[in-house]
Amino acid sequence: MSITTIRGMSDVLPDESGRWRWVEERARALFHAFGYDEIRTPILERTELFVRSLGESTDVVEKEMYTFATGSGESLTLRPEGTASVVRSFVQHALAQRGPANRLYYLGPMFRHERPQKGRSRQFHQIGAEVLGAGSPEADVEIIAMLWAFLGEIGVDGIQLELTSLGDAACRPAYLERLRNFAESRVGELCENCTRRRLTNPLRILDCKVEGCRKALADAPLMTEHLCEPCRTHHGGVERLLAALGIPFVANPRIVRGLDYYVRTAFEVTTDRLGAQNAVAGGGRYDGLIASFGGPDAPGVGFAMGLERVLELAAPTPAAAPPVFLASHGDESRRAAFGLAHRLRLGGVRVETSLEPTSMKSQMRRAQKLGCATVLMIGESELAAGTVRIKDMTSGAEEDAARDVDALLARLARAPSGA
RNA sequence: GUGGGUGUAGCUCAGUCGGUUAGAGCGCCAGGUUGUGGCCCUGGAGGUCGCCGGUUCGAACCCGGUCACUCACCCCA
């Protein structure tokens, strides 16, 4: 084998692509019911878009982006997440003019240059949704409810919804100061990582897994205890609405988001079944991001879920209808069968045939292997009679029927296999 | 970027103390009645033993290097 996929990027082979399609189609259908429309943005964007939206000192921007320069010296980046592009598009095309709130979803590949491991690859796929232009708790809860409903629909279990508020520009700076001071007072007890992080990204020390840090920070001040009045009201509204919809959540004031743009609501859907990775989906509110890109002062909230991770946890894929096999014997029969297969296919039936002249035995074996419930056969006698033999693979019964496309289509639609 | 584990057929894996032509199961292809599946039987295709170098009369096996995959750290979807 000479040329292979590059590290961290994999093929989705025919045996698994049906599962991907199932999940994607269920998402589209449900999101549609919630009033969301798809938005498709380019996979490649100007590097600046991500640097400015995600934050210069985030891990994603600092070390995980696939960035390269074009011949003319522009710096481009393969998107590491979806929200930045949606916001860019919202501003560029003045989508605020479409109405008070834009409900959008997207789906597709994202790229981060990390060391691959279980549940983490360099090209991965996300399905995400955003509400742009609505700042109410209802918007947050609608999007969480949609996410939660989707995960339930495809049979993902063993998950929990974690929720917190990250405050906003009015209350977060003062809180961060308080947290820094607290960390400073315990600096001797912190791990090496946290000793450094207390300056660069103090929130991060709150979810450190090192035992010593957990103890040292057990009574650290929490953002949720220091929210300003508007943030507190908003957060209370979110919790109340979630409860009203019967969506179970656990308050986790130590949730840390990897991207700088989040304010107020932040949430995560977690599991303990994905190896070291525990996030299935995550999201939150990002009021201010749109304005910072020159758009209207519109608030926004959204989520993204990792498709590979969801695929890992979802129920088995529902079985697809098996094809009908059209077997033939003899050159002339083959030509007749070739034409019939074409017309049946135009009628929407999935028809398998042998593309080479092979024995009836071999064709039957193939049909068996494919799980066909019905096999159509054309040989010398059927050719002469203008009929087709229909075999029921379960009972083994055979009968002859007129070689009439409409009649066959009607019949196959009723049969256990076919359209 | 750092550490651990693993690399033999499409897949899962055997392979003795270093020994002659590298195996099994599954899968794939064909055949076992003249136009008929499953079970069974027979045959066939398919290998740079990850790669490079070293030790040796001789290496899948021992040594060094390297690459890939994988798990974990870090971080996240």
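Predicted model: local features only at pLDDT ≥ 70, side-chain atom pairs only at ≥ 80, totals over all residues.
**Entry 1: single contacts.** An N or O atom in the Gln-126 side chain sits 2.9 Å from a sugar or linking oxygen of RNA strand B. I then looked up Arg-7. Its side chain places an N or O atom 2.4 Å from a phosphate oxygen of RNA strand B. Gly-306 uses its backbone instead: an N or O atom there lies 3.3 Å from a sugar or linking oxygen of the RNA.

**Entry 2: elements.** Which elements give two or more residues to the surface near RNA strand B? I listed the helices H3 (59–64), H7 (192–200), H13 (360–370) and H14 (380–385). The strands are S6 (123–132), S10 (279–285), S11 (300–306) and S15 (387–392). I noted that H13 gives the largest share, seven residues.

**Entry 3: the whole surface.** I found 50 residues around RNA strand B. Which of them come nearest? They are Arg-115, Arg-197, Arg-204, Lys-369 and Ser-381. The surface near the RNA has 20 charged, 19 polar and eleven nonpolar residues.

**Entry 4: domains.** I checked how chain A is divided. Domain 1 is written in two pieces, 14–171 + 227–313. Domain 2 covers 324–414. How far apart do the C-alpha centres of the two domains lie? I noted 49 Å.

Key. Residues numbered from 1 in each chain as written. Chains lettered and ligands numbered in written order. Heavy atoms only, no water. Near = heavy atom within 4 Å. Polar contact = N/O pair within 3.5 Å; in protein donor to acceptor, adjacent residues only side chain to side chain. Helix = DSSP H or I, 4+ residues; strand = E, 2+ residues; numbered from the N terminus. Nonpolar A, V, L, I, M, F, W, Y, C, P; charged D, E, K, R; others polar. Domains from an automatic or database assignment.
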